[in-house]
Amino acid sequence: MAPTITDNCEFECATVEATTTTTSAITIGDSDHFDSSAIGSSGDNFEESNELHLNGQQDQDVQEEEQQQQQQQMPWEAPGKQGLYDPQNEHEACGVGFIVAIDGKRSHKILRDAQTLSERMNHRGACACDNDTGDGAGVLASIPHGLYSKALAKQGVTLPELGDYATGIFYLDEAQHAAAEKEFDDLAKSLGLEVIAWRTVPSNQSAIGVVARKSEPLSRQVFVRRPAGSDEKAFERQVFVLRKRASHELIKPGRRFYICSLSDRTVVYKGLFTSDQLWDYYTDLKDPEFETYLALVHTRFSTNTFPSWERAHPLRVLAHNGEINTLRGNVNLMKAREGVMQSDLFGDQLKKLYPVVEPNLSDSGSFDCVLEFLTMASDRSLPESVMTMVPEAWQNDKTMPQEKRDFYQWAACVMEPWDGPALISFTDGRYIGAVLDRNGLRPSRFYVTKENVLVMASEVGVYDVDPSQVTLKSRLKPGRMLLVDTKEKKLIQDIELKAKIAKSRPHSEWLQQKITLDEIRNANVLNTPPVDELAKLPASQRGIFDPRLSLFGYSTETVNMLLIPMFKNKKEALGSMGNDAPLACLSNFQPIPYEYFKQLFAQVTNPPIDPFREKVVMSMQCPLGPEANLLQPSAQQVHRIWLTNPILSIPDTQLLKRNTHRGWRTKVLDITFQYNEGVQGYIDAIDRVCREGYAAAQAGYQLLVISDRGAGIDGKVAVSALLALGALHHHLIETLQRMKVGIVVETAEAREVHHICVLLGYGADAICPYLAFELAQALRDDGVIAPEVNDKQIYAAYAQAIDTGIAKVMAKMGISTLQSYKSAQIFEAVGLGSDLVAKCFRGTQSRIGGVTLEILAKEGLQRYQLTYGKATPDTRILRNPGQYHWRHGGEAHINEPSSIGSLQEAAVNKNLDAFEAFKKTTLDSVKKCALRGQLEFVTDRQSIDISEVEPASEIVKRFATGAMSFGSISLEAHQTLSITMNRIGGKSNTGEGGEDSDRYLNQDPNNSRRSAIKQVASGRFGVTASYLANADDLQIKMAQGAKPGEGGELPGYKVTKDIAKTRKSVPGVGLISPPPHHDIYSIEDLAELIYDLKCSNPNARISVKLVSEVGVGVVASGVAKGKAEHIVISGHDGGTGASSWTGIKNAGLPWELGVAETHQVLVLNNLRSR
């Protein structure tokens, strides 16, 4: 077998003592940019090379700016964005539980029991670098009236009756608290409320850790009187407005101001504690007069170590264990809804409550804001608001009662789900309950005792109760809700609760008014003659000779490797052996903008899901068209077109363009312009589309169709549909018009699964990839696709292939519904400039800067020139630059034939000249393909004397081979790698396929076939006690470069007797390592596995393998807090495994970014030395 070199350097961040400096080995600041050399004017040389210019002056400016920010940082603030660290990427996992007296009877015992609950969840929290500061803990309880009356009496203040006042704790600072309190009093007065008194909450500073003490706030408690004659609901709303406006209006630079809660029923005590410190810090919680009928407790594990007092839970109405994966889309759309929301309850005051989601909140904080707003500003109860935001998987559930199903479908027209693994416990003082996400990916158990007390917790064993005292014992199931109503004094089970909510309005009647495509087809049969307005191209320009293919950047590989399998087999083609082609920003062949985006994926802190085995929870159904007022439940909300998937056929798109059914109107936005207008014409066309789209939304159009149908006709060039869509979508969000229209994209540019995903992620509601369809029709006529296939079957086959592909991409991120994935922007850009991102992809991370809109415009014009310019016969033939397979004169690849040939010659014949040739071609390939190739050595330093450098024989001891399993490569290759590494003192890695015991027992030291690194993956293939005991490193494989978020697969015909014996399985039976969540679905699970492996082999170093993506540094710091001793960052270039081409080409990021970010975040967190 020929030796292959993969340049998949799994850059290992070994745990050496950190130096105090925070600069990393690779500092690639935002200011570095990829720039293209001027476009050749001769017209015959269109290949432009993109070089990375590291601009020293800009770097310096950025560093100075960062230093200034650091100086201004207040002691209570976490570090801001710096280097590759961005606080937006933080994650958290938690322990959560509550105790409630179902009959609402107050007692001090409930609080003491809650303390036990909370302390026993200590293992669910985490400690900072001082090992004495928790990531946050807190308790939400009903107001202890007796305690507060006594405390205020000492200040000479008489407290009104319970219910006639609201209270809450504020975090303020010593210097400015008096001014902040005065401003709050004035704001309350302007809203017709009166502040009775303020009190300093008594606390014991010695109970908390050093880190927590540095940022300790001054805790002040306010009491606000209920106005005479105001009813309970009205007072509740007034208090909500007061808190919301204070949060918006009283925050000033340099002032600490945060309201933990403000309510007439509940009060929150929380902070930067471990769960046992909470009860010692606040002395109120020890007072026997603190009587409550409910207590909700929470312990936080944040992946970074700058958790803050403010971010601890419980929040105002909820405590949350899990993650919201679709957050960016949810928040963007909530902002867009401000353009269509109206409230009878608040009238003109409503605008003062915006933005609904306050800036810089975690996912839980954002969810809390929206949940509270929905409950306060509309006539929904708290449980109904929760059902709207976290629906069950209703789409494919045949057993669900029709009424409930109709409620969920109606709610889907109102708001997209907040999707992700979550156990959400919520309370407003009357109701207390919990709900599990549709996948049930977080645990939740509950007991009811004979004393009429309900205990719910995220694990078993946190509360001791005599089994004879338990009347009901159960667990929450996926999507189910548990609720106690303390006013009605009863526990309401899921079925009864949801049936009541489903029957509360005529949802089924309202749903009769939803619009379907069939209805539009029937309505339009009569009103317009079926004109085939799409002129057929002449035979010489059909199929593979269609000039538009070249205009939109298709290649023969696109057609043969991606499109034909989709039309023939209804699924995407598989590839293997990773991706060694250049990044889009380094390509010489005008890549289209989609190629700059890399898909993000779930890793450690939340689980991906399995799109095949868990298909029942996934859905592609989506409403299209304007959204009605969220706050006024009515039939208005279902006046939307209900699509079963996002791909529209050509006839349906033509239909929607001229549709007038039910008074709907469609505006077609042409995204083409004249070629002779040049680069400026391209930029102007994008601005024109934004202006026309805004005007159409204002004028009451329901649908906008972005179309590049005119491209190639009469000298017209198309703007990239992605750029036009992104700019329009964000422009409409900013101008609050986005909810008034649906956006359909009719484009020749999109054809692959990844392209469709990017369009959906940046705001498309439906897509018609017409050129792919027209190509398939032509190929059918040429006999490439079976001639009996009709147009309908072509549309259906493509739609099915795309649906399956989208499901895999969503599942990687743990998202189940397309409705939540739309507009969620779950991508990182590599090589796009910041101005371009701000204009078209706002909120997307693009960490190394890169190409500008002008460069993309030039490349679009070049493609037009190549297609329609000086016509030489060879430009008529579709190009094949070799993006997938190496082609001479085409795109560079890291593994190219001449370097492999040179290596073989050097190895077989010990030829040094051949080795030099191998070295030269490989380094040249790296320069053309990878980020590290753009870095240059600093030349102005004094060189180190060679005597001070370690000898080569010592350096090679730190070398390790990539993890390739026996099965993906042959036994001979696998053993040769082991023997070689053992001889030089390095380490070889078993991969996830196990290792036969005769390889590590009784080995001749000179020919030892033992692999020092033993891998443990989700399939646990070949993992036995002796396998674990005979390792120097035990490596937990959390993700893999070829297909992060998916499991590996070995087809049955490859499972020979030897492989089956090693893997402890059966010959001939296919082996699939499940997606990681079947094994580890949160950071606490990983910490548990690390502990178990350490017990099985105390001498081994425990290593965790992650894949580079934005935020991997934050995940790595969580892994370090989970006691991992070694971290491997793998790159997007992937391994040996088979996967769909979408995953291989478009998931994961270069390891250079991952390593730099991981190092910076670990140093910043003071964890690098661990």
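Predicted model: local features only at pLDDT ≥ 70, side-chain atom pairs only at ≥ 80, totals over all residues.

**Stop 1**

Residues are numbered from 1 along each chain as its sequence is written, and side-chain values use heavy atoms, without hydrogens and water.

Lys570 sits in the loop between α16 and β21 (574-575). Helices (H or I, at least four residues) and strands (E, at least two) are DSSP runs, numbered from the N terminus. Check the backbone of Lys570: phi is positive, about 60°, although the residue is not a glycine.

Now select helix α16, residues 556-569. Its 14 residues should span 20 Å at 1.5 Å a residue, and the end C-alpha atoms are 19 Å apart, which agrees. The expected span is 1.5 Å times one less than the number of residues. Look for a bend of about 35° at Leu563; Pro565 follows within four residues. The bend is the angle between axes fitted to the seven residues ending there and the seven starting there. α16 is mostly covered, with 10 of its 14 residues buried. Among them are Glu557, Thr558, Met561 and Phe567.

**Stop 2**

Pick residues 422-427, strand β13. How many of its six residues are buried? Six of the six are. In a regular strand, side chains alternate between the two faces of the sheet. Colour Ala422, Ile424 and Phe426 for one side of β13, then Leu423, Ser425 and Thr427 for the other; all are buried.

Two strands pair if DSSP finds at least two bridges between them. Leu318 has Phe426 of β13 as its bridge partner.

Ser425 stands opposite Ala434 in β14. The hairpin of β13 and β14 has three residues between the strands, and Gly429 there takes a positive phi near 100°.

Step back to Glu416, in the loop between α11 (402-414) and β13. Glu416 is buried, at 4% relative accessibility. Draw a distance from its C-alpha to that of Cys622: 9.2 Å, for residues 206 apart along the chain.

**Stop 3: two cis prolines**

Select His313 and Pro314, which are joined by a cis peptide bond with omega about -5°. Pro314 lies in the loop between β11 (294-302) and β12. Next, select Tyr354 and Pro355: the peptide bond is cis here too, with omega near -5°. Pro355 is in the loop between α8 (327-337) and α9 (363-377).

**Stop 4: salt bridges**

The structure holds 65 salt bridges. A salt bridge is a side-chain nitrogen of Lys or Arg within 4 Å of a carboxyl oxygen of Asp or Glu.

- Asp518 and Arg521: a salt bridge at 2.5 Å, N to O. Both lie in helix α14 (residues 517-527), three residues apart, about one turn of the helix.
- Lys928 and Asp924: their closest N and O atoms are 3.2 Å apart. Both lie in helix α27 (residues 912-929), four residues apart.
- Asp996 and Lys1061: their closest N and O atoms are 3.1 Å apart. The pair links distant parts of the chain, 65 residues apart, with Lys1061 in helix α31 (residues 1057-1063). Lys1061 is exposed, at 51% relative accessibility.
- Asp546, Arg548, Lys657, Arg709, Glu746 and Glu774: select these together to see a network of salt bridges.

**Stop 5: the end of the tour**

Select Asn1166, in the segment after α35 (1151-1164). Asn1166 is exposed, with a relative accessible area of 52%. Its phi is near 65°, a positive value in a residue other than glycine.

Terms used:
Buried < 20%, exposed > 50% of the residue type's maximum accessible area, 1.4 Å probe, protein only.
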